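Please keep the sequence and the 3D view at hand while working through the points.

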Amino acid sequence: MSNFPFLFLLIVLPLLGAIVVAFIGRDEAGEQVAKKAAVGFALAELVVAVLMVVSFDTGGERLQFTTTIGWIDALGVSFSLGVDGIALLLILLTAILVPVVMIASWRRDSLGDDVNQPGDDPAVIPAVGNQARYFAWILLLQVFMVGVFAATDVFLFYVFFEAMLIPTYFLIGGYGAMRRRAAAMKFIIYSLVGGLVMLASIIGLYVVSKNELGEASFSWEVLRGLDLSETTQTWLFLGFFIAFAIKAPLVPLHTWLPTAGGAGPIGTTVLLVGILDKVGTFGFLRYCLPLFPDASRNLAPLVLVLAVVGIFYAAMQAIGQDDVKKLVTYTSIAHFGYIALGIFAFTTQAGAGAVLYMFNHGISTGLLLLAVGMIVARGRSRKISDYGGVFRVAPWLAGITFIAGMAGLALPGTNSFVSEFLVLIGSFGREPVFTILATIGIVFAALYVLWLIQRMLHGPARGVVPAPSGDGIDEVVDEEVLLGVGDGGTAVKERTKRTVTQRAFGDLNVRERWVLGPLVAIVFVLGFFPQPMLNIINPAVEQTLQTDVGIENPGAPVDASANGDGK
Amino acid sequence: MNHLAAIELPSIAYTALSPILIIFAAAAIGVAVEAFVPRAARFPSQVGLAVVAIFASLIAVFAERGTHTLTAGRALAIDAPALLSWAALLVFGLLAVMLYADRSLDKVGNTRVSHFVAEAALPIGIRADRALLTSDRVQTEVFPLSMFALGGMMTFVASNNLIVMFIALEVFSLPLYLIAGLNRRRRLLSQEAAVKYFLLGSFGSGFFLYGLALLYGFSGTVDLRGIFDATTTEFGNDAFMLLGLGLLLVGLLFKAGVAPFHQWTPDVYQGSPTPVAAFMSAATKLAAFIALLRIMYVAFTAVPSSWQPVLAIFAIVSMLVGALFGLAQTDFKRMLAYSSIAHAGFILVAVLANNEAGVTGTMFYVITYGLSSIAAFACVSLIRRPDGEASRIEDWKGMARRKPLLAGIMTVLMLSMTGIPLTAGFIGKFHAFSAAIDAGYTWLVVVALLLSAVTAVFYLRVIVLMYFHEPAKDAPVVEEPGTSTDVVIWVTTALTVLFGVIPGPLLDLVANAAQFVG
């Protein structure tokens, strides 16, 4: 099976899907069919991705499923694809999250994407295009997300890296809440600046390779063999690093993420923090470390400082947030601090932990964001202080939010525990100071997660959460309900006055169960049986750290049972 | 060293020069057509003449594709860069003629009329001038004038001799000054553009001429190769060379629209008829940069340290001015003008590389930039109010809902100008900047890349307006373009995408056009 062009198929399938969905869903009439078709394409993609993971040979070549097609011969660029264990898992994560996000965002208000952030006029609801087009953009984004992980040609990687911006830009700017245009602009300018700085490094790499090898090449395998001086490495490293640090994002280059996550639709935010940001940390592992090993070692302290500062800074920001969407994006920034710590600690244990963290973070933060979105869709407010006692009216929804929160603070038994533990225990040997500081950060993580859960889920029902009958509270709520999008894209709203007890908050419906269920299952399965994942990750991480960076690793290969996996 | 002997007639390779000769002949015939053909038949015969001549000239260029020679007493160089620029200029000329020929965008009563005014010389506001607004008289001088300009540009890029280069500069500039004043609507702006362009252009020409004289004083010759010899043997006076080169650069950079010699650009782009602005932004820029390449890479290639830093400074100033002033624009055509100033800076980054990649990078950039610039101007010309073009950027609000296709095309063009991958603009920037890094100008490339992120702001703002805003209540009309404009928009946009996704063929073409004869 390993000759089967999985990667090519994984890129072509969503591209085809995007075209078909955009065509069928071009008007209201085809919207429902188009949405189903989109989910169909996403599920087919998932099947192909799972087949690819199954046929991946953990003991085989470093890069598998490789295909190469000539592209721009004059510049030495080829359309080369291939995956190692790290890229493989991230492609799998993409394939899992895309259909989940689609089903979750079935209607525009399914995840409360039309709810403005606290402080903005709640009456102004921006009208948007139909949801089928939203799905088409997601499929197009998937093309580039798979491509960016699968590319083994640095030029091709850059093309996908930049191309990802376009669908994301339209997703945020076209489908978000108020201030979505500014958020989209901020997102794309930040990303462009990073991308263009990286482009300078890529061009530099191209010129160096041309001078050293006689003919230009962008092949990752070839470039890895270049013998660069330390000065050259440092400059080229910085170009890549800035781009990836913006993407990841590391503090202080993170400010676009809360803005984009706050104003953008939640489905997009899930993909943004779940996958797009992983391109940054993936880039560290795939490009910074192997291509510039000396510079990576020399500049590691800088990265570690940023990582630890990020853990604390983002935690503080999260604790202070009243906007639940922004809170979750800040928690995610804190998590990226741990991932960066794991990568730049240069031990296989920490590295494997970081890669597993990348996968687990996508699942657990995705779960948390989607659950929070469902709460926001019901309460029609993003202010945490508007909520209380969700457990009383919607126990399933609150329960899953609770599980997602626990996974976010890495409780044993959830998937995040394994990865966070591996990162910390692996880093301790080489970077005890930073590791101890990061461990203290866990306390803050517990603080923001538990406080969020306490304020929103526990206690008596209050605020926008209706009290169940019998509590004696029966005040009248004056609210506007979005009925749909009428002619000319204007929002049709109805002003209603109902008592809180009349208004149904409602627990999970069938569609929402299908969205959250699989993610909850993955959280627990990977919490107890992380070994299959580690078997895929370990060879790739070992090769990156030992062969490329040339770091002797005192520790034994990672074995989950030796490190505690929550049993 | 040079002494006047009996003057001998130089031999002229007529076949190699045939592309230029065809264009000039067509221009001359065009003047005769204007004088003798009945009014009703003028328009079709002028369009037909121009199109036939351009095609004939293209065929002649193709037939001469392997030529690598100097002719007319070393005055003209027919080499691969010249031939490729000819082909590109002819294509730009053809696209411009197609835009000129469209008479479906403006109307008087129910009659559709062209972009051009019938009597451009009338003072604004007098009765005869006001009467023109309601008259459907057409004038067709724009065709022969543009053909003269085209022929002048073709001579300009092939000049191996500074005197010929100066004459060619004047030959293509004078018609451009005139056609800048031909806009049917907004006569005052148009006349202002023409006068401003003429005055500042003459100023630029003066600098060029003065520089030429000093260089003659330095080297005793106006032949580019002769100047090269002088720079290598160092018998001349360096101060003369530096002064002469500096003044020559001022003249050339004026034509190329490089800051700080850019002041005419926004006014002229805004005031000229939009098809003329399209032609100028593409063709003038190409001609100026190829001539600049020829002077630098033939005459001064041995002394790069005396001009590379200067060009680097001009590049930075140009990128800065283009990017920062572009941010503040509210008029689409002025924004495109500032964008062209910024792009001129990006192109200079490639020019100063002084290596083969510098030639190919510049070539690729000016060709692809010209295509997307023509497309952008053509799109702008579709948006109209009763009193003429609606060229405010705001007028594009909500275009995605009103005209999804037009919005899509504009998005592609803006992304290409930003330099997003999978568009020609990206490959152009990549190629241009790799030449500069190869030449050791990494710092300049970093600056250029950061400033191109700044230009992204105003390109993306157009996308924001088109997609993320509701159409305004009093939105201007989007006219259905005539077939010729339609074809121009589709072809240029398709090529912008094509050269981004499959740049191989064009890259091979420019790679074979890197060798100057001289």
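This is a predicted model: local features need pLDDT of at least 70, side-chain atom pairs count only at pLDDT 80 or more; totals for chains, interfaces and linings use all residues.

In which helix of chain A does T94(A) lie? T94(A) belongs to helix α3, which covers residues 85-104 of chain A.

**The surroundings of T94(A)**
- T94(A) has a relative accessible area of 0%, and it therefore counts as buried, the limit being under 20%.
- Apart from neighbours within four places in sequence, T94(A) is in contact with Q142(A), M145(A), V146(A), F149(A) and I275(A).

**Extent of the contact between the chains**
- The size of an interface is often expressed as the accessible area lost when the parts come together.
- Between them, chain A and chain B bury about 3,100 Å², and 82% of this lies on carbon and sulfur atoms.
- On the side of chain A, the residues that lose the most area to chain B are R181(A), L196(A) and I203(A), which together account for 18% of what that side buries.
- Chain A contributes 37 residues to the contact and chain B contributes 36 residues.

**Polar and charged links**
- There is 1 salt bridge between chain A and chain B.
- This salt bridge joins K210(A) and D438(B), with the closest N and O atoms 3.8 Å apart.

**Make-up of the chain A side**
- The elements of chain A that each supply at least two residues to the side touching chain B are β1 (64-72), α5 (154-163), α6 (165-175) and α7 (180-213).
- Helix α7(A) provides the largest share of that side, 19 residues.
- By type, the residues of the side of chain A that touches chain B are 28 nonpolar, 5 polar and 4 charged.

Definitions and conventions
Residues are numbered from 1 along each chain as its sequence is written. Chains are lettered from A and ligands numbered from 1 in the order in which they are written. Side-chain values use heavy atoms; hydrogens and water are left out. Contact means heavy atoms within 4.5 Å. Buried area is the accessible area (1.4 Å probe) that two parts lose on being put together, summed over both. A salt bridge is a side-chain nitrogen of Lys or Arg within 4 Å of a carboxyl oxygen of Asp or Glu. Helices (H or I, at least four residues) and strands (E, at least two) are DSSP runs, numbered from the N terminus. Ala, Val, Leu, Ile, Met, Phe, Trp, Tyr, Cys and Pro count as nonpolar, Asp, Glu, Lys and Arg as charged, and the others, Gly among them, as polar. Buried means under 20% relative accessible area, exposed over 50%, partly exposed in between (1.4 Å probe, protein chains only).
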